Amino acid sequence: MTGAVVVYVVYVALAIALISWLGVLLYRDGRIFLDDVFRDQSDLAAAISRLLVTGFVVFTLGYALLLLRIDADATPTMALRSSVQQFGVLLLSLGAMHSLNMLILLQVRRRGADRRPAVGSTRRRVSR
């Protein structure tokens with residue numbers, strides 16, 4: 001096998017491992033967040049969590065594979081350097097996407113909290 005093929009195999013294996021690990025983390029920890037946002041609707045929270053993770057995995061894996069470009073004539077060192085740079089772009093992109101998603105979910109949570117009555121609060125009638 002040429003150096004480029006080895007780098008392709010290693011890159012794809014690392015990308016799949018990273019994306020799988022992040023998917024598990026997002027599902028586990030995101031589910032807690034979604035349960036809070038969608039109180040009394042645990043089925044809806046679970047469905048949204050699965051859909052978000054599915055979209056994350058499909059999008060990210062596709063993006064990771066699109067990033068991978070190595071010249072067939074590259075030396076092993078050049079192929080490795082190119083692969084590491086592309087993996088760095090993938091990680092930066094994932095971090096940016098995660099931050100954006102967290103901002104969006106924070107807004108959803110705030111809107112949901114504004115619509116809910118405060119815990120323990122009851123309205124008293126004022127008689128005149």
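Glycine 30 sits in helix 1, where a helix is a DSSP run of H or I at least four residues long, a strand is an E run of at least two, and numbering starts from the N terminus. With a relative accessible area of 23%, glycine 30 is partly exposed; on this scale buried means under 20% relative accessible area, exposed means over 50%, and partly exposed lies in between (1.4 Å probe, protein chains only). Glycine 30 and leucine 52 are 22 residues apart along the chain, and their C-alpha atoms are separated by 9.2 Å.

This is a predicted model, in which local features need pLDDT of at least 70 and side-chain atom pairs count only at pLDDT 80 or more, while totals for chains, interfaces and linings use all residues. Residues are numbered from 1 along each chain as its sequence is written, and side-chain values use heavy atoms, with hydrogens and water left out.

Another residue of helix 1 to find is isoleucine 32. Isoleucine 32 counts as exposed, at 59% relative accessibility. From isoleucine 32 to serine 49 there are 17 residues in sequence and 9.5 Å in space, C-alpha to C-alpha.

## The overall layout

Now step back to the whole protein chain. There are 3 helices and 0 strands in it, and reading along the sequence gives the pattern α-α-α. The protein chain has 128 residues, of which 23% are buried.

Contacts, meaning heavy atoms within 4.5 Å, tell you how parts of the chain meet. Of the contacts in the protein chain between residues at least 6 apart in sequence, 71% join residues at least 24 apart.

Aspartate 40 is found in the loop between helix 1 and helix 2. Its phi is near 60°, which is a positive value in a residue other than glycine. At 83% relative accessibility, aspartate 40 counts as exposed.

Helix 2 contains 26 residues, and its first and last C-alpha atoms are 37 Å apart, close to the 38 Å expected at 1.5 Å a residue. The expected span is 1.5 Å times one less than the number of residues in the helix. The buried residues in helix 2 include Ala45, Ser49, Val53, Phe56 and Thr60. A general rule is handy as you look along them: an α-helix has 3.6 residues a turn, so residues three or four places apart point the same way.

## Salt bridges

Side chains of opposite charge can pair when their charged atoms come close. Here a salt bridge requires a side-chain nitrogen of Lys or Arg within 4 Å of a carboxyl oxygen of Asp or Glu. How many salt bridges does this rule give? The count is 3.

Take arginine 31 and aspartate 35, whose closest N and O atoms are 3.2 Å apart in their salt bridge. These residues, arginine 31 and aspartate 35, are 4 residues apart in helix 1 (residues 3–37), so about one helical turn separates them. Arginine 31 is partly exposed, at 22%, and aspartate 35 is partly exposed too, at 31%.

Aspartate 29 pairs with arginine 28, with the closest N and O atoms 3.2 Å apart. Aspartate 29 is partly exposed at 41% relative accessibility, and arginine 28 is partly exposed at 48%. Arginine 39 forms a salt bridge with aspartate 36, again with 3.2 Å between the closest N and O atoms. Arginine 39 counts as partly exposed, at 41% relative accessibility.

## The largest pocket

The largest pocket is lined by 21 residues, and those nearest its centre are Leu26, Leu52, His98, Asn101 and Leu105. Helix 1, helix 2 (42–67) and helix 3 (76–115) are the elements that give two or more residues to this lining. Which element gives the largest share of the lining? Helix 1 does, with 8 residues.

A pocket is found on a 1 Å grid over the protein atoms alone, as an open set of points where a 1.4 Å probe fits, with protein on both sides within 12 Å along at least five of seven lines; lining residues have an atom within 4 Å of a point.

## A buried serine

Serine 83 belongs to helix 3. Is serine 83 buried or exposed? At 7% relative accessibility, serine 83 counts as buried. Apart from neighbours within four places in sequence, serine 83 is in contact with Val7, Tyr11 and Ile70.
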